[in-house]
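Hi,

Here is the structure I promised to pass on. Have a look at it first, then read my notes below.

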Amino acid sequence: MSSEIPLYRRDPQAWRDHLAEGNRTQPRKRVGADVLFRDATGKVLIVEPSYKPYWDLPGGMANANEPPLGAAIREVREELGLSWPGGRLLAVDWVPPHDPWDDSLMFIFDGGILPVEVIDSITRLDGELTSHSFVAPSSAEQMLSERLARRIAAALDALASGQVAYLHDGGQ
């Protein structure tokens with residue numbers, strides 16, 4: 001066993017510098033956070049972004065140093081005008097590099113069952129969305145990307161099982 005004192009005990013500043021170098025040079029991942037809202041009949045809320053070819057769940061990309069749940073809460077407020085307090089994690093999906101994008105981590109949180117008065121209060125605020133609709137999960141599949149359709153199916157399974165789903169490109 002070596003009697004040498006570890007770097008972080010000998011020179012705390014050198015240790016912080018070492019960590020800072022790792023932080024500077026290691027890859028960074030994009031993080032997205034969506035919310036699975038449902039109505040009393042089991043339909044899911046999907047939104048139509050003005051900048052994507054497919055419908056999506058409410059939510060979006062996290063800002064730098066913003067936690068995923070915080071991003072979901074912020075995006076729901078900005079997009080739909082809803083003060084949603086947050087919900088439990090249903091799924092985490094690692095999405096491999098595709099098109100111009102590096103890999104990312106996508107989170108889906110449980111938005112719960114929205115009462116009619118909350119549904120009626122939805123107001124698309126930021127101009128990113130052109131429409132929103134509650135649709136049966138089987139109907140939503142035709143409106144969503146294949147990856148997101150698989151992610152939503154896994155999130156619905158997670159609701160039923162009480163377990164968090166860990167996904168790889170939308171699949172288990």
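**The largest pocket**

Lining the largest pocket are 33 residues, and those nearest its centre are Lys52, Asp56, His98, Met106 and Ser145. Before you go on: this is a predicted model, where local features need pLDDT of at least 70 and side-chain atom pairs count only at pLDDT 80 or more, while totals for chains, interfaces and linings use all residues. Residues are numbered from 1 along each chain as its sequence is written, and side-chain values use heavy atoms, with hydrogens and water left out.

A pocket here is an open set of points on a 1 Å grid over the protein atoms alone, where a 1.4 Å probe fits, with protein on both sides within 12 Å along at least five of seven lines; lining residues have an atom within 4 Å of a point. The volume of the largest one is about 900 Å³. Its lining takes its largest share, 5 residues, from α6.

**The aromatic pairs**

You'll find 2 aromatic pairs (ring centres within 6.5 Å; planes under 30 degrees apart are stacked, over 60 edge-to-face, the rest tilted). In one, the ring centres of phenylalanine 37 and tryptophan 84 are 5.8 Å apart and the planes are at 75 degrees, so this pair is edge-to-face.

Phenylalanine 107 and phenylalanine 109 have ring centres 6.3 Å apart and planes at 5 degrees, so they are stacked.

Cheers

Conventions
Rings of Phe, Tyr and Trp (its six-membered ring) pair if their centres lie within 6.5 Å; planes under 30 degrees apart count as stacked, over 60 as edge-to-face and the rest as tilted. Grid points are joined across faces, edges and corners, and a volume is the space filled by probe spheres set on the points. Helices (H or I, at least four residues) and strands (E, at least two) are DSSP runs, numbered from the N terminus.
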